[in-house]
Amino acid sequence: MRIALFTSTHLRHKYIAAQLKKELDLVVIITEKKNKAIQDSSQYELEDSQLLNAHFEDRASVEETFFGQYSHFPNGVPHISLDFGNINTQQTIDDLVAHEVDYILLFGTSIIKPIILENFPEKVINLHLGLSPYYKGSGTNFFPIVNNDFACLGATIHIASSKVDAGGILHQLRLDELYATDSIHTIGNRLIKLAGSIYPKIVKAFINGTIQPEEQEEIAASKEYRIKDFTPESIRKAHNVLANRAIVLYLEQSDLYKANKPIITSTYE
């Protein structure tokens, strides 16, 4: 099956592309630039502005450590570059048709709308960095840290739907490799590394009919965040959680915490 990847342009996105290319027939990569609003510190006072800027500088540095060798997208795969907000268009449909695409894989794009979904029904698969339905929307592995909710650090591979992060789940993974010295960014990048190794295997199993999507349950405890919720104060809270030995305390009773937040897993090779 011929695969298109919708993603963005950072090292982590190029890493995911490389993992997919190893195991799937990746025929085109369509990248959408990230929304710059999340990094805009101009509305804040100096201290908060510096904290926000330092957060993204640290993220880039740690991402370089994890994925610095992935400075380019895989050789031989056509690459179409779009500005933010331009992925849900007829031109994108035309590009997919031109490359005879069968399935679309998502990682790190803006919300995919019906113009794409209706042309590829049940054939758009998303790697969502977060555990649905517990955390949806934006920052879904950041806000579990803010909330001292480490059992919800993970990723969900699911069928994309018009409702955000609500499609049938193919597989979920939880980040069990945590250390007392971890930062927001070592946690996030270690999770991406793990998810990237599993994503193509789950996609292959789905295409081959080995696994089927499982409908998500609606739960009262579901949390949904947006870009506006990511603030210097939320960064400060996350740092405070980590500084107060939260990971050590979580690991001492992790089995109990995980039992209270069950996930959906599939068998794959």
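Colleague: Is alanine 195 buried or exposed, and what is its relative accessible area?
Modeller: This is a predicted model, and in it alanine 195 is found in helix 6. A residue counts as buried under 20% relative accessible area. Alanine 195 is therefore buried, with a relative accessible area of 0%.

Colleague: Which residues is alanine 195 in contact with, leaving aside its neighbours within four places in sequence?
Modeller: Along the chain, alanine 195 and glutamine 172 are 23 residues apart, and their C-alpha atoms are separated by 9.2 Å. Contact itself asks for heavy atoms within 4.5 Å. With the neighbours within four places in sequence left aside, the contacts of alanine 195 are Leu127, Ala155 and Leu173.

Colleague: At what angle do helix 2 and helix 7 pack?
Modeller: Helix 2 covers residues 46-67 and helix 7 covers residues 232-243. Their crossing is left-handed. The axes are 9 Å apart, and the packing angle is about 65°.

Colleague: Which residues in helix 7 meet helix 2?
Modeller: From helix 2 come Glu47, Asp48, Leu51, Leu52 and His55. The residues of this contact divide into four nonpolar, two polar and three charged. On the side of helix 7 they are Pro232, Ile235, Arg236 and His239.

Colleague: Arginine 236 also forms a salt bridge with glutamate 233; how far apart are the closest N and O atoms?
Modeller: Both residues lie in helix 7, three residues apart, which is about one turn of the helix. Arginine 236 is partly exposed at 24% relative accessibility, and glutamate 233 is partly exposed at 41%. The closest N and O atoms of the pair are 3.0 Å apart.

Colleague: How many salt bridges does the structure hold?
Modeller: Side chains of opposite charge can pair when their charged atoms come close. Salt bridges that share partners join Glu23, Lys201 and Lys204 into one network. For the structure, the number of salt bridges is twelve.

Colleague: Where in the chain is the salt-bridge partner of arginine 190, glutamate 177?
Modeller: The side chains of arginine 190 and glutamate 177 meet in a salt bridge at 4.0 Å, N to O. Arginine 190 is buried at 12% relative accessible area, whereas glutamate 177 is partly exposed at 41%. The two are 13 residues apart, with arginine 190 in helix 6 and glutamate 177 in the loop between strand 8 and helix 6.

Colleague: Is lysine 228 buried or exposed?
Modeller: Lysine 228 forms a salt bridge with aspartate 229, the closest N and O atoms being 3.6 Å apart. Values over 50% count as exposed, so lysine 228, at 67%, is exposed.

Colleague: Why is the pair of phenylalanine 56 and phenylalanine 230 edge-to-face?
Modeller: A search of the whole structure finds eleven aromatic pairs. In this one the ring centres are 5.8 Å apart and the planes stand at 65°. Planes over 60 degrees apart count as edge-to-face, so with its 65° between planes the pair is edge-to-face.

Colleague: How many residues apart in sequence are the parts that this pair ties together?
Modeller: Both phenylalanine 56 and phenylalanine 230 are buried. Phenylalanine 56 lies in helix 2, and phenylalanine 230 in the loop between strand 9 and helix 7. The parts tied together are therefore 174 residues apart in sequence.

Colleague: Which residues do ring pairs link into a cluster?
Modeller: Tyrosine 135 and tyrosine 225 form a stacked aromatic pair, 6.2 Å centre to centre with 10° between the planes. Tyrosine 135 is in strand 6 and tyrosine 225 in strand 9, 90 residues apart. Tyrosine 135 is buried at 1%, and tyrosine 225 is buried at 15%. The cluster consists of Phe56, Tyr135, Phe142, Phe143, Tyr225 and Phe230.

Colleague: What is phi of glutamate 100, a residue other than glycine?
Modeller: Glutamate 100 is in the loop between helix 3 and strand 4. At 54% relative accessibility, glutamate 100 counts as exposed. Its phi is positive, near 50°.

Terms used. Residues numbered from 1 in each chain as written. Predicted model: local features only at pLDDT ≥ 70, side-chain atom pairs only at ≥ 80, totals over all residues. Heavy atoms only, no water. Axes fitted to C-alpha atoms, helices over the stretch in contact; angles between N-to-C directions. Helix = DSSP H or I, 4+ residues; strand = E, 2+ residues; numbered from the N terminus. Left-handed = near helix turned anticlockwise from the far one by under 90°. Nonpolar A, V, L, I, M, F, W, Y, C, P; charged D, E, K, R; others polar. Buried < 20%, exposed > 50% of the residue type's maximum accessible area, 1.4 Å probe, protein only. Phe/Tyr/Trp six-rings, centres within 6.5 Å; stacked < 30°, edge-to-face > 60°.
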